[in-house]
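Work through the exercises below with the sequence and the model side by side. Each task is followed by a solution that goes step by step.

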Amino acid sequence: MTIKHLLTHTAGLIYESDTEDHPIDQQYEDADLYGGDLANMIQKLGDIPLSHHPGDAWKYGMSTDVLGYLVQIVSGMPFETFLKTRIFEPLGMSDTGFSVKVENADRYSKVYEFGEDGELQQIEKIHAATGPLSFFHSGGGGLQSTAADYLRFCQMVLNGGELDGVRLLGRKTTELVTMSHVPPDWLAPKRTGTGFGLGFAVVTDVADTHTVGSLGTCGWGGMASTTFWIDPVEDLIGVFMTQLVGADSPFQAQFRVLTYQALTG
């Protein structure tokens, strides 16, 4: 397993299998991967079989979580400290982190999911209305942010690794990150016309995506139906922050189509 396998989600690590009641799913669940810290997570992952040999297939999963631990080891500082000092503070992302301060609790959006009865319900355990909130310090999830903050990160990528005089990545490095590194059919059938770069999905064939867009557009989504994309052809960024967990959300695609339909020049 290489760092590139982790960056491209071809390492054999998963979040869940495509097969119902697969034994690896049960091992992931039994391991309680988020019950300690990053080091504990990595130790537990090492005892679970891979879903496939590294480099043989694309499966979205724990690869980014492992990368977070590697950042911690290589940098010699806690992962959350690295993100704050090397990315968030330089980019002016003052509302991004793994916790929500008490004074910002009333700004935190309520998060919802559909219950077993089909009714929309609030997820109480991730609501910060009455005090501070802290999430697992993981490479694959847990960060809390705002649309304005995340726009700054996306603008840095669109600019080739620089924003407001602060350079985080070299121009050629950014090009490498945002080009596809996997065969064009590995994300099918769910994502046709789309490859995967070093952390982003990348449009490789606009017609095959069956929607409007541009070649080379990169982006991804989040747990609560959030989505973003970065279009280098139109010099365009889309950031859509919502708070609906575990639902098939058509408004992501609708937002994207409406955005492109608004382009006139």
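**Exercise 1. Determine how exposed Phe240 and Phe255 are, and classify the geometry of their rings.**

Phe240 has a relative accessible area of 22%, and is therefore partly exposed, given that buried means under 20% relative accessible area, exposed over 50%, and partly exposed in between, with a 1.4 Å probe and protein chains only. Phe255, at 25%, is likewise partly exposed. This is a predicted model, in which local features need pLDDT of at least 70 and side-chain atom pairs count only at pLDDT 80 or more, while totals for chains, interfaces and linings use all residues. Residues are numbered from 1 along each chain as its sequence is written, and side-chain values use heavy atoms, with hydrogens and water left out.

For the geometry, the rule is that rings of Phe, Tyr and Trp (its six-membered ring) pair if their centres lie within 6.5 Å, with planes under 30 degrees apart counted as stacked, over 60 as edge-to-face and the rest as tilted. The ring centres of Phe240 and Phe255 are 4.5 Å apart and their planes stand at 15°, so the pair is stacked. The pair connects distant parts of the chain, since Phe240 belongs to strand S11 (residues 236-240) and Phe255 to helix H9 (residues 251-261), 15 residues apart; helices (H or I, at least four residues) and strands (E, at least two) are DSSP runs, numbered from the N terminus.

**Exercise 2. Which residues are linked in a network of salt bridges, and how are they arranged?**

A salt bridge is a side-chain nitrogen of Lys or Arg within 4 Å of a carboxyl oxygen of Asp or Glu, and a search of the whole structure finds 4 of them. The network links Arg171, Lys172 and Glu175.

1. Glu175 bridges to Arg171, with the closest N and O atoms 3.2 Å apart; both residues lie in helix H7 (residues 171-177), 4 residues apart, which is about one turn of the helix.
2. Glu175 also meets Lys172, at 2.6 Å from N to O, and these two are separated by about one helical turn because they are 3 residues apart in helix H7.
3. As to accessibility, Arg171 at 54% and Lys172 at 55% count as exposed, whereas Glu175 at 30% is partly exposed.

A bridge of another kind of placement is formed by Asp95 and Arg107, whose closest N and O atoms are 3.0 Å apart. This pair links distant parts of the chain, with Asp95 in the loop between helix H5 (79-91) and strand S1 (99-100) and Arg107 in the loop between S1 and strand S2 (112-114), 12 residues apart. Asp95, at 29%, is partly exposed, and so is Arg107, at 48%.

**Exercise 3. Which residues of helix H4 are buried, and against which helices do they pack?**

Helix H4 (residues 63-75) has 13 residues, of which Ser63, Asp65, Val66, Leu67 and Gly68 are buried. These buried residues pack against helix H1 (3-7), H3 and H5, where contact means heavy atoms within 4.5 Å. Just after H4, Gly76 takes a positive phi of about 75°.

**Exercise 4. Locate the cis peptide bond and two non-glycine residues with positive phi.**

The bond from Ala188 to Pro189 is cis, with omega near 5°, and Pro189 is found in the loop between H7 and strand S7 (194-196). Asp164 has a positive phi of about 50° although it is not a glycine; this residue lies in the loop between strand S5 (162-163) and strand S6 (166-167) and is exposed at 59% relative accessibility. Asp235, also not a glycine, has a positive phi of about 55°, lies in the loop between strand S10 (227-231) and S11, and is exposed at 57%.

Definitions and conventions:
The expected span of a helix is 1.5 Å times one less than its number of residues.
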